[in-house]
Amino acid sequence: MSTAAATVVPFADLHAQYRSIRTEMDAAIAEVIASSAFIRGPFVEKFERAFAEAMGVAHCVSCANGTDSLYIAMHALGVKLGDEVIAPAHSWISTTETITQAGGTVVFCDTDAATFTIDPALIEAKITPRTVGIIPVHLYGQPADMDPILALAQKHRLWVIEDCAQAHLARYKGRRVGSFGQAASYSFYPGKNLGAMGDAGAVLTPDAALAKRMAMFARHGGLTKGDHQIEGINSRLDGLQAAVLSVKLPHLPAWTARRQEVARAYGELLAGIDGLTLPQVAPGREPVWHLYVVQHEQRDALARHLAGHGIQTAVNYPVALPFLPAYSRFGHPPADFPVAHRHQSRILSLPIFPEITAAQMQAVAEAIRSFGASTA
Ligand SMILES: *Cc1c(COP(=O)(O)O)cnc(C)c1O
């Protein structure tokens, strides 16, 4: 079959979501334009309050994107030259490039084979007198194993920043992620579970003083115009994005429930296919399925086969962080992070989004089954 098949199942469908809330969305955007509240202002303040409340954390500091939210949090926590920060070997590069931006040193830790999240059993061996913090990533929407991570952080007096970019509303032992550490980072990149119509991000924290330092740093070092207490950066949420996010936020629980239904349905449709490993959920975790990631020995051939059937897939991510050219300075061989290394050639993200239809899921399952048959 040729590779130019018409799209039957897109990887995500942002327009379908827009159509479902078009009237509300268009009105909200028109209101921002009518009031010219483009940077900060009432729409931003309203969203910050609503998001903090929805996530159950006292303070929300919005900013320009999720990457900045990590940088802002680390800067405000006082990361300085030589400080070591432990992060998973398997994540999006934002998690670790911001450690370096803040002046720190990245220390990678391998992930757990079942959940793709940082393996708590391997963290303690990475802790040195220079270690200042740990950044667990709730990757693909499944919470990291927070209890042992928090116990280690307490024992060694380290801070924890949760990277919640893929995990809005996910729960660990009944409690929402984003409420465990000193700070929690969120991205509202359009394809995230809560997405803006452009770049946007936020940090949550229970700590009022930390919230103030983060807000100041993000806004040129001052909370009122002209009053620069410190040198900062320019990382602000704009009014249009805040209005878009305020319209979407009340829909997030329903969209999340729908992603969970889709994951359950995939679990049934894809059960028992030879060579295919389905995502596993560890006890006590309630994932929100930002991505539905299967594993297959012949991942690239499977992806081509699906593309031939009009099914879009993605690889998140094709090279684990320590093995990227960006980190060649560490000279890490695959044996340093065997789990992340093994996953990088096996993982495949299938289409998942709240509006995906039963027929589309069926088409994905049939195409995967026919790959099994074609290689048997
Ligand atoms: C998307 C993402 C980020 C960064 O978000 P941006 O808004 O794109 O800057 C950080 N960490 C993880 C795990 C992500 O998936």
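**Inside the model**

A: Contact here means heavy atoms within 4.5 Å, and helices (H or I, at least four residues) and strands (E, at least two) are DSSP runs, numbered from the N terminus. What you see is a predicted model, in which local features need pLDDT of at least 70 and side-chain atom pairs count only at pLDDT 80 or more, while totals for chains, interfaces and linings use all residues. Residues are numbered from 1 along each chain as its sequence is written, and side-chain values use heavy atoms, with hydrogens and water left out.

The helix α5 covers residues 94–101, and S94, T95, T96, T98 and I99 are buried in it. Buried stands for under 20% relative accessible area, exposed for over 50%, and partly exposed for anything in between (1.4 Å probe, protein chains only). After α5 comes G103, with a positive phi near 105°.

Now for the nonpolar cores, each a set of buried Ala, Val, Leu, Ile, Met, Phe, Trp, Tyr and Cys residues joined through side-chain atoms within 4.5 Å. The largest has 37 residues, and F47, F51, Y186 and F188 touch the most other members. Two or more residues of this core come from each of α2 (22–35), α3 (42–55), β8 (183–187), β9 (201–205), α8 (239–248) and α9 (252–269). The biggest share, 6 residues, is given by α3. Because domain 1 (17–250) and domain 2 (252–375) both contribute residues, this core lies between them; the domain bounds come from an automatic or database domain assignment.

Setting aside neighbours within four places in sequence, F188 is in contact with F47, F51, H168, L194, G195, A196, G198, A200, G201, A202 and L245. There is also a second, separate core, made of 35 residues, with L70, V79, I161 and A211 among them.

A charged residue is hidden inside as well. D119 sits in the loop between β3 and β4 (131–134). Although buried, D119 has no salt bridge, and the nearest side chain of opposite charge, that of R285, is 8.8 Å away. Leaving out neighbours within four places in sequence, D119 has contacts with C109, D110, T111 and D112.

R157, in the loop between α6 (146–155) and β5, has a positive phi of about 55° although it is not a glycine. L169, in the loop between β5 and β6, is also a residue other than glycine with a positive phi, near 80°.

A cis peptide bond, with omega about 15°, joins N316 and Y317, and Y317 belongs to the loop between α10 (299–308) and α11 (338–344).

Notes:
Lys and Arg count as positive and Asp and Glu as negative; His and the chain ends are not counted. A salt bridge is a side-chain nitrogen of Lys or Arg within 4 Å of a carboxyl oxygen of Asp or Glu.
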